[in-house]
Amino acid sequence: MPGRLTFYHNPRSRAAMVRWMLEEVGAEHDIVPIDFEAGDNRRPDFLTINPMGKIPALVLDDGTVITETPAIIAWLADAYPAAGLAPRQDRPERGSYYRWLFFGGSCFEPALTETMMRKDAVPLSKSTVGWGCYNDVIDTLEAALSRGPYLLGDNFTAADLYIGAELNWAGMIGAPRIGDSTPIQAYVERVIDRDAFRRSMAPL
């Protein structure tokens, strides 16, 4: 099992997903708050950790740095196998797990960004962007979630944590179709009804 981890965090960022994951796996960790308004993420000491100036960032006890939310979540799932949040490497469902774990960053997030931030712009060509279009992404998620209760069937995994957290956030900002989708809303309610999620929402 890994040693004590150092986690750079701001609750109004994707770091909230990693905090939830840390609670799920029971990892021993120290939280370093990052104040965006104070410019903590642009200070030289933090830029040596992530030159992008982005969080979340996780530093292992040997100094290894992991950034990018799905990468951190995937690493934690494998580093703490007793939590049961990833299929074994020799199981065929491992492929589906990877599919959904990376669907968030490669399809859902860019499609959501285009929809929410380019409302008056000409839509990008479906044939040239990796996510196709927002409605295709939502249709794909609804089809998968209708089979439920989780993306891989009966077992909650780290992929559900990531996708569920993103859908929960999208609903809170009024993203199209999210609040009106029965399978998505039922799924979000299931994934956030976990003790680890509630612990991750507690004030520091």
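Tutor: Let us begin with helices: helices (H or I, at least four residues) and strands (E, at least two) are DSSP runs, numbered from the N terminus. In this structure, helix α6 covers residues 158-172, and M172 is found in this helix. The model is predicted, so local features need pLDDT of at least 70 and side-chain atom pairs count only at pLDDT 80 or more, whereas totals for chains, interfaces and linings use all residues. Residues are numbered from 1 along each chain as its sequence is written, and side-chain values use heavy atoms, with hydrogens and water left out.

Student: Is M172 buried or exposed?

Tutor: Buried means under 20% relative accessible area, exposed over 50%, and partly exposed in between (1.4 Å probe, protein chains only). M172 has a relative accessible area of 62% and is therefore exposed.

Student: Which residues make the nonpolar surface patch?

Tutor: Patches are made of residues with over 30% relative accessible area and no salt bridge; like charges are joined within 9 Å, and nonpolar side chains (Val, Leu, Ile, Met, Phe, Trp, Tyr) within 5 Å. Accessible areas come from the Shrake-Rupley method with a 1.4 Å probe, and for residues only the protein chains shown count as cover. Here W169, M172 and I173 form a nonpolar patch of about 340 Å².

Student: Which residues of the largest nonpolar core touch the most other members?

Tutor: A nonpolar core is a set of buried Ala, Val, Leu, Ile, Met, Phe, Trp, Tyr and Cys residues joined through side-chain atoms within 4.5 Å. The largest one has 63 residues, of which M21, L76, F108, L167 and I178 touch the most other members. Contact means heavy atoms within 4.5 Å. Leaving aside residues up to four places away in sequence, M21 touches I73, L76, A77, L85, A158 and L161.

Student: How many salt bridges does a search of the whole structure find?

Tutor: Side chains of opposite charge can pair when their charged atoms come close. A salt bridge is a side-chain nitrogen of Lys or Arg within 4 Å of a carboxyl oxygen of Asp or Glu. The search finds 15. In one of them, R43 meets D40 at 2.8 Å, N to O; R43 is partly exposed at 41%, while D40 is buried at 13%. Another joins K126 to D136 at 3.1 Å, N to O. This pair links distant parts of the chain, 10 residues apart: K126 lies in the loop between α4 (93-117) and α5 (134-147), and D136 in helix α5.
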